[in-house]
Amino acid sequence: MHTYSAVLFDLDGTISDSAPGITRSVAHAFERLGMPVPERKQLRVFIGPPLSKTFPEFGVPKERVTEAITYYRELYTAEAKYENELYPGMEDLLKKLKEDGLKLYVATSKPEILAKDILKHFGIDHYFDEIAGATMDYARETKEAVLRCLLDKIGTEDKAVMIGDTVYDVEGANALRIPCIAVTWGFGNREEMIQAGAVSIVDTMDELYQAI
């Protein structure tokens, strides 16, 4: 018996390691803006939160943030989205959960159209009952907003759990009173996720399966 009946997965840093494509696209955006490109390891913080939040933190003027996101997307959408790999064991985990009768969903701050494309590329989109993401016009971009949209579609799930790798996943789930299991193989900070209220911290796919 599982503790939960519905599992809501984050995408970047939880299902797949998307760092190469995202960081290259962010670097491309800075180059197109004519601004100094931060070190590649610094760019990993762009994975998870909305781009509209992160670009200003790196000195992009407010009036140029939309321009920066446009430059980012021109490379990411065309090719860099596929510079991305499933974490080892993820597909086996999805298969087991599905065979156990659980409902699986994706809730990501990545634009929904790109999330669906990437999951299809990996050949795992069929495991999910619904895939929810951000809108391209920024009307829906935070994890909380994406989760609200998803729950509006699927109805209230009393035994739902969020699986994520950053504090943004934990906080978004908290806002909707959904417990969050945090994974450590992604891009977040373990202590931050604990302090934000993650109900469990797991280091492996087997641990995640047991926590669910």
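F58 is partly exposed, with a relative accessible area of 22%, whereas F46 is buried at 3%; here buried means under 20% relative accessible area, exposed over 50%, and partly exposed in between, with a 1.4 Å probe and protein chains only. This is a predicted model, in which local features need pLDDT of at least 70 and side-chain atom pairs count only at pLDDT 80 or more, while totals for chains, interfaces and linings use all residues. Residues are numbered from 1 along each chain as its sequence is written, and side-chain values use heavy atoms, with hydrogens and water left out.

The structure holds seven aromatic pairs, where rings of Phe, Tyr and Trp (its six-membered ring) pair if their centres lie within 6.5 Å, and planes under 30 degrees apart count as stacked, over 60 as edge-to-face and the rest as tilted. The rings of F46 and F58 have centres 5.0 Å apart and planes at 40°, so this pair is tilted. Because F46 lies in the loop between α1 (19-33) and α2 (51-57), and F58 in the loop between α2 and α3 (65-78), the pair ties together parts that are 12 residues apart in sequence. Ring pairs also link F46 and F58 with F30 and F55 into a cluster.

For the chain as a whole, there are nine helices and eight strands, which are DSSP runs numbered from the N terminus (helices: H or I, at least four residues; strands: E, at least two). Of the 212 residues of the chain, 53% count as buried.
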